[in-house]
Amino acid sequence: MVTGKDRQKQLAREHYQRQMQARTDRQLRARRVAILGTSTAVVVVIGGIVAAIALLGGTDGDVATASAAPSASAPATDAPAAAEPTAYNPATGTCGYVADPGSGQVKDVGLPPAKVSTDAGTMTIKTNLGDIVAKLDAAKAPCTVGSFRYLASKNYFKDTKCHRLGTDFPILQCGDPLAKADGKNATDGQGGPGYRFVDENLEGAKYTRGVLAMANSGPNTNGSQFFIVFGDTGLNAAYTPFGTVTKGLEILDKVAKQGILPGGTGDGTGAPKQTVEIKDVTITGKS
């Protein structure tokens, strides 16, 4: 028998997945606009009239579109499309991280080194409410863990706020370095490091209590935003799981009991009433 609470969870899950799809669409538009402005406009001269002909498409839900407008004077020659990230190469021990200029609000710390370790690590997220500790699975998600090691070394997460909480949909989302988490800031959820990398470890992925996974805006658009699951979400296998929380889930349980601020997304998620601020992130283990 389906209860009202089960139905609520299902609706929240479906809304979240629709948001992710909308976000993917907007991200595609942002990239196409960015590429168009530098490489894909075709200039045609007819009777002294210069016409710029270009194709546009797509749209996204949490990611801002590119601010640069396409230029009518863009070169007529075809230029290479934006680089795509590449998966971990066991032969060289490297990952292909690529710049993502159309990714929205950026805290630029450069690109991580291509060389990564597949050794397990332990990540400690120091918050204003206590420590959240997770075991990182670099063997199954080497590019993801490599990115987190790099961002932690740059103090990227220092003094940032977790901007999204679900109650019926039990996740806490963090990693936007510019989020205000006040229920009013329209750009919360759009921040990132200005680069992206591939999805990993998706086969058979389950998002149950304790799972640490990447938030994204479509395939291979991982940046710095991540979420911690403190219940059962039933999400599709589309978000890179890269670790498991071993300590601190009770913090999320307490935060969830406080609820969310007004101005949420309409899917039962929003900025948490109880502020969760990340003071520091450290990762131990070979890097």
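View 1. Strands are DSSP runs of E, at least two residues long, and helices are runs of H or I, at least four, all numbered from the N terminus. Two strands pair if DSSP finds at least two bridges between them. The model is predicted: local features need pLDDT of at least 70 and side-chain atom pairs count only at pLDDT 80 or more, while totals for chains, interfaces and linings use all residues. Residues are numbered from 1 along each chain as its sequence is written, and side-chain values use heavy atoms, with hydrogens and water left out.

**View 2. Strand 16 (residues 241-247) and its partners, strand 8 and strand 14.** Strand 8 (residues 130-136) pairs with strand 16 over 4 bridges, in the antiparallel sense. Here A134 has V245 as its bridge partner. Strand 14 (residues 211-214) is also antiparallel to strand 16, over 3 bridges.

**View 3. Strand 7 (residues 121-127) beside strand 18 (residues 277-284).** The pairing is antiparallel and spans 6 bridges. M123 stands opposite I283 of strand 18.

**View 4. The largest nonpolar core, with 42 residues.** M123, F226, I228 and F242 have the most contacts inside this core. Helix 2 (residues 142-153) gives the most to it, 6 residues. Another core, of 11 residues, lies apart; F169, I171, A205 and V229 are among them. A nonpolar core joins buried Ala, Val, Leu, Ile, Met, Phe, Trp, Tyr and Cys residues through side-chain atoms within 4.5 Å.

**View 5. N222, in the loop between strand 14 and strand 15.** N222 has 0% relative accessibility, so it counts as buried (under 20% relative accessible area; 1.4 Å probe, protein chains only). Its side chain reaches the backbone oxygen of V198 at 3.1 Å. Beyond four places in sequence, N222 has contacts (heavy atoms within 4.5 Å) including Y195, M214 and T240.

Methods: Buried means under 20% relative accessible area, exposed over 50%, partly exposed in between (1.4 Å probe, protein chains only). A polar contact is a pair of N or O atoms within 3.5 Å; within protein, one must be able to donate a hydrogen and the other to accept it, and residues adjacent in sequence count only if both atoms are side-chain atoms.
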